Amino acid sequence: MATFTNQATLSYRNTVVNSNVVSGEIVGALAISKDALLPTYGVDDNVTYIINIVNSGNSDYTNVSVTDDLGAYEFGAGELVPLTYVAGSVNYYVNGILQADPAVVAGPSLVISGLSIPAGGNATVIYNATVNEYAPLSTGGSITNTATASYGAGETISDSATITVEEGPVLDIVKAISPATVSPNGQLTYTFTIRNYGNTEAVATDNVVVTDTFDPILDPITVTYNGTTWTAGTEYTYNSNTGEFATVAGNITVPAATYTQNPVSGEWTITPGEVVLRVVGTI
C-alpha cells in the first residue's frame, strides 16, 4: 500500500527549525490468503483451492473480483497453464454462509467476480482444478498459482499457493492369456505386465507381490521374470493342489516412468517403466 512522510516547521524570531521526518503506511482493510487442501498432486488429480478475504475495516466492499492464474508459467515465447478449472465447482461463502453462485469466467485464467466482503467480516471462495498435461511430473516438480483480488480504485491484493508433485511409484498390472482356447493337457501361458507411471522406482523394499489362483490348475509350471527363469521357493511359491501362485516379496522391482515435454506444444507425455512376469504351465 502507499507510504507517506511528514515534517513540521517551527518559526520564531526570524528563525526556522525543521522537525524530524516521520513516515507511515496506508494499510488496506482487505487481506487475502490462498491455500490448497492437499500439498501434493499426481496425474489427473483434482485439487481443491480455498481463497479467504478478510475485511478488517468499517466499510463493506462490493464488486470485488478474484483472478487466479491457475499456475501459469513461462514456456518459450508464451506460457502454459497446468491446471484446468472444474466447471461449476465454485462455492462462495460470506461469514460462513453459502451465497448464490458468483459470476465465473474460465479462460487461461479463472476470474470470479461480484464478491462482497462485509465490514469486519470475510468471504471464502472454494473451487476445484484438475491437473492437466502441462503439469510437471518429474521429481521436484511443483505448481504455484496466484490469486489476485481487485477492488476499489484499482487496488489489488494477492497470495499464492504451491503444491508439489507426489513422489513414489504408481503401478498397474495387465494380465494376458495365450492361447485363448486350449485342449486338455495343453500348454497355457499367463503374461503379467507390470507398469510404473510414478516418478520413482518400485524397489525391493516396496514389497511388490503378484498373486493369482490358476483355474484350471497348471502343473507343472515355469516362471520367468523379464526373460530370466525363476526358482520355486526363492522367487515364487506355488501350490499345485489349489493353483495358488504368489511371487516372493522383494523380487519384483519396476523402473520409474520417464517424462518428456514436447518442445513445441509443452505437453508432457509419460512412458511407464515396465517389467514382464510370465507363467507357462500345463492344464
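How many helices and how many strands does the chain have, and in what order do the strands of the open sheet that includes β18 and β26 lie?

A: In this predicted model, the chain has zero helices and 26 strands. Its radius of gyration is 31 Å, well over the 19 Å that the globule rule gives for 283 residues, so the chain is more spread out than a compact globule. Along the principal axes, the C-alpha atoms fill a box of roughly 120 × 45 × 35 Å, and buried residues account for 34% of the 283 residues.

Turning to the part you ask about, five strands form an open sheet, ordered β17-β18-β26-β20-β21, with antiparallel pairing. The edges of this sheet are β17 (171-178) and β21 (228-229), each of which pairs on one side only. Within the sheet, strand β18 (residues 187-196) and strand β26 (residues 273-282) run antiparallel and are joined by 10 bridges; N196 stands opposite G273 in β26.

As for the surface, the accessible area of the chain comes to about 15300 Å², and carbon and sulfur atoms hold 50% of that. A nonpolar patch on the surface is formed by L10, Y12 and V17, which together have about 280 Å² of accessible area. Of these residues, V17 lies in strand β2 (residues 15-25), and V17 counts as partly exposed because its relative accessibility is 35%, a value between the 20% limit for buried and the 50% limit for exposed.

How values were computed
Residues numbered from 1 in each chain as written. Predicted model: local features only at pLDDT ≥ 70, side-chain atom pairs only at ≥ 80, totals over all residues. Heavy atoms only, no water. Patch = residues over 30% accessible without salt bridge, like charges linked within 9 Å, V, L, I, M, F, W, Y side chains within 5 Å. Areas by Shrake-Rupley, 256 points an atom, 1.4 Å probe, with all protein chains shown as cover. Salt bridge = Lys/Arg side-chain N within 4 Å of Asp/Glu carboxyl O. Helix = DSSP H or I, 4+ residues; strand = E, 2+ residues; numbered from the N terminus. Buried < 20%, exposed > 50% of the residue type's maximum accessible area, 1.4 Å probe, protein only. Pairing = 2+ DSSP bridges. Rg over C-alpha atoms; globule rule 2.2 N^0.38 Å.
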